[in-house]
Each structure stands twice: as structure tokens, then as C-alpha cells.
Amino acid sequence: MVKKANVLGTKYKIEVRKISEDECLYINGWAGYCNETLKLIVIGDVNGEEYEKCTDEEKILIEKEVLRHELTHAFLNESGLSSDSLQYSSGWAKNEEMVDWFAKQSPKIFKLFSECGCL
């Protein structure tokens, strides 16, 4: 996994951390998070006990999906949208369902854009 990402000109550090050793991941039951202030994306380590029943293939897919999800948050943040959704903690730019949709569908969207020659 890459350790840095350039999100609309802002460098984000990407770290993989053991869920049991990261308070935000552990207490909230999160698989990852994006810290807008620190410009940091944290992904829970899929090799930990939380994922012991997953196959290696499932772990790879989970890690990629979580990273896409958190990068989507970073794009919304760097676009200035996280603070423009009328409510900071539950506004549309922080909506987990919307971010999940983008994260899950983006590979299919990019594939179709590529096939249609419009990237």
C-alpha cells in the first residue's frame, strides 16, 4: 500500500495501524478514518485478529475498499465540502452512505469511463 497520496494538491499520509492499538479505530469499531486536520488516513490492519476469518483475497479487497472510502473523504475535505454541508458532524459531505457508494462504485465507473474513452 502507498504511504502518501496527493489529494487535490494536498499531501495525505497513509498509515496502516493495528485496530487494538489505535484508539479511534478500536473505540468506534472503524475500519479506517480520515483526519482532515492532520492530513492523515489510517487503515485498520487486515492481518489483525478482527479479520482472522477472512481469506487473503478478502483481506486485500477490504483494504482497498477502506482506502477508497477514506480517500473519498479526503477529496470531499480538500474540495471544501466537509464544512459546507450545513452540519459538520452529520451533513451530506460526511454522510457515510454516500461515501460508501462512491468508494464501492468508483472502480466500475473508472472502468466504464476508460472503455468509453472519456477519462
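Visitor: Where does L8 lie?
Guide: L8 lies in the loop between β1 and β2.

Visitor: What should I know about the model before going on?
Guide: This is a predicted model, in which local features need pLDDT of at least 70 and side-chain atom pairs count only at pLDDT 80 or more, while totals for chains, interfaces and linings use all residues. Residues are numbered from 1 along each chain as its sequence is written, and side-chain values use heavy atoms, leaving out hydrogens and water.

Visitor: Back to L8, then. Is L8 buried or exposed?
Guide: L8 counts as exposed because its relative accessibility is 53%. The cut-offs, for a 1.4 Å probe and protein chains only, are under 20% relative accessible area for buried and over 50% for exposed, with partly exposed in between.

Visitor: And what is the phi of L8?
Guide: The phi of L8 is near 50°, a positive value in a residue other than glycine. K39 also has a positive phi, of about 55°, although K39 is not a glycine. K39 is found in the loop between β3 and β4, and its relative accessibility of 25% is why K39 counts as partly exposed.

Visitor: Which residues does T10 touch?
Guide: Not counting residues up to four places away in sequence, T10 touches A5, K39 and E78; contact means heavy atoms within 4.5 Å. T10 itself is in strand β2, residues 10–17. The side chains of T10 and E78 are joined by a polar contact of 2.9 Å. A polar contact is a pair of N or O atoms within 3.5 Å; within protein, one atom must be able to donate a hydrogen and the other to accept it, and residues adjacent in sequence count only if both atoms are side-chain atoms.

Visitor: Changing topic: which residues make up the largest nonpolar core?
Guide: That core has 10 residues: A5, V7, Y12, I14, C34, I41, I43, V66, L67 and A74. At least two of its residues come from each of β1 (4–7), β2, β4 (40–44) and α2. Helix α2 gives the largest share, 3 residues. As for the term, a nonpolar core is a set of buried Ala, Val, Leu, Ile, Met, Phe, Trp, Tyr and Cys residues joined through side-chain atoms within 4.5 Å.

Visitor: What is V7 in contact with?
Guide: Leaving aside neighbours within four places in sequence, V7 is in contact with Y12, L71, A74, F75 and E78. Another core, of 7 residues, lies apart from the largest one, and I19, L25, Y33 and V46 are among its members.

Visitor: How many aromatic pairs are there?
Guide: The count comes to 2 aromatic pairs. Rings of Phe, Tyr and Trp (its six-membered ring) pair if their centres lie within 6.5 Å; planes under 30 degrees apart are stacked, over 60 edge-to-face, and the rest tilted. The pair of W30 and Y33 is tilted because the planes stand at 55°, with the ring centres 6.0 Å apart. W101 and F102 form an edge-to-face pair, 5.2 Å from centre to centre with 85° between the planes.

Visitor: Is Y33 buried or exposed?
Guide: Y33 is buried, since its relative accessible area is 11%. W30, at 38%, is partly exposed.

Visitor: Where is the kink in α3?
Guide: The kink, of about 50°, lies at Q105, shortly before the proline P107. The bend at a residue is the angle between axes fitted to the seven residues ending there and the seven starting there. Helix α3 covers residues 96–115 and reaches 29 Å from its first C-alpha to its last, close to the 28 Å expected; the expected span is 1.5 Å times one less than the number of residues.

Visitor: Which residues of α3 are buried?
Guide: They are V99, A103 and S106, and what covers them includes α2 (56–78). The side chain of S106 reaches the backbone oxygen of A103 at 3.4 Å.

Visitor: What follows α3?
Guide: G117 follows α3 and has a positive phi, near 70°. Helix α2 is followed by G80, with a positive phi near 80°.

Conventions
Helix = DSSP H or I, 4+ residues; strand = E, 2+ residues; numbered from the N terminus.
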